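This report describes the fold of one protein chain and the surroundings of its ligands. Please consult the sequence and the structure while reading.

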Amino acid sequence: MPGTKADSRKRSKSKNSNGSRRIWKTPEQRRLERDAPQVIPMYKTEKERRLDEIQKWMDENLPPPETPEWEALCTGCGKCCYDKVWEGDRLLLLTSACPQLDHETNRCRVYAERFDIEPLCLPIGPEIIEMGGLPEDCPYVENYPGYRGPKVVDKSLDEM
Ligand code: SF4
Ligand code: SF4
């Protein structure tokens, strides 16, 4: 008989608020959902985390790159332009230098285009700091906690 309380309860359970019928998932659909590949979070590698830490330290402790304050930190020692080679996990800082280094002034002859001209020339940033490529007395890293720069050796690249 239509209109009983039992019937209206059934109807309210099987319809949603705008009156359309609910669509129930079949067991197969539920199984497919349960077994679907989960999104795997992407974790950063140890090196990526270290580069992030260095970048954070630079942001908090150095002037913004390319500003006059940033450039003024450089003492012009030229040592970051000396050749370096790996010995185990540490760089050696040699007595020979990049061909673009002017030994009279200790300045780069091609500063504006240095990254195009010298593929091994790295900007001062997390990568070169992470590999310990700047000398320990360089003002860009001298206050970096625990920084270990290259080991100075009295040999040129030709002697290695
Ligand atoms: S080692 Fe540091 S201070 Fe020396 S030239 Fe390079 S950036 Fe400048
Ligand atoms: S190209 Fe780079 S490494 Fe070579 S002298 Fe210039 S700044 Fe230094």
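The text below treats the overall architecture, the strand pairing and the ligand shells in turn.

The model is predicted. Its protein chain contains 6 helices and 5 strands, arranged along the sequence in the pattern α-α-α-α-β-β-β-β-α-α-β. Of the 160 residues in the protein chain, 10% are buried. Among contacts in the protein chain with a separation of 6 or more, 45% join residues 24 or more positions apart.

| Strand pair | Sense | Bridges |
|---|---|---|
| Strand 1 (residues 82-87) and strand 2 (residues 90-97) | antiparallel | 5 bridges |
| Strand 2 and strand 5 (residues 151-152) | parallel | 2 bridges |

In the antiparallel pair, Tyr82 lies opposite Ala97 of strand 2. The hairpin formed by strand 1 and strand 2 has 2 residues between the strands, and Gly88 adopts a positive phi near 65 degrees there. In the parallel pair, Leu93 has Val152 of strand 5 as its bridge partner.

Around ligand 2 stand Cys81, Cys98, Gln100, Leu101, Cys108, Val110, Arg114, Glu118 and Cys121. The shell of ligand 2 divides into 6 nonpolar, 1 polar and 2 charged residues.

Definitions and conventions: Residues numbered from 1 in each chain as written. Chains lettered and ligands numbered in written order. Predicted model: local features only at pLDDT ≥ 70, side-chain atom pairs only at ≥ 80, totals over all residues. Near = placed C-beta within 6 Å. Nonpolar A, V, L, I, M, F, W, Y, C, P; charged D, E, K, R; others polar. Helix = DSSP H or I, 4+ residues; strand = E, 2+ residues; numbered from the N terminus. Buried ≥ 20, exposed ≤ 12 C-beta atoms within 10 Å, placed from the backbone. Contact = placed C-beta atoms within 7 Å. Pairing = 2+ DSSP bridges.
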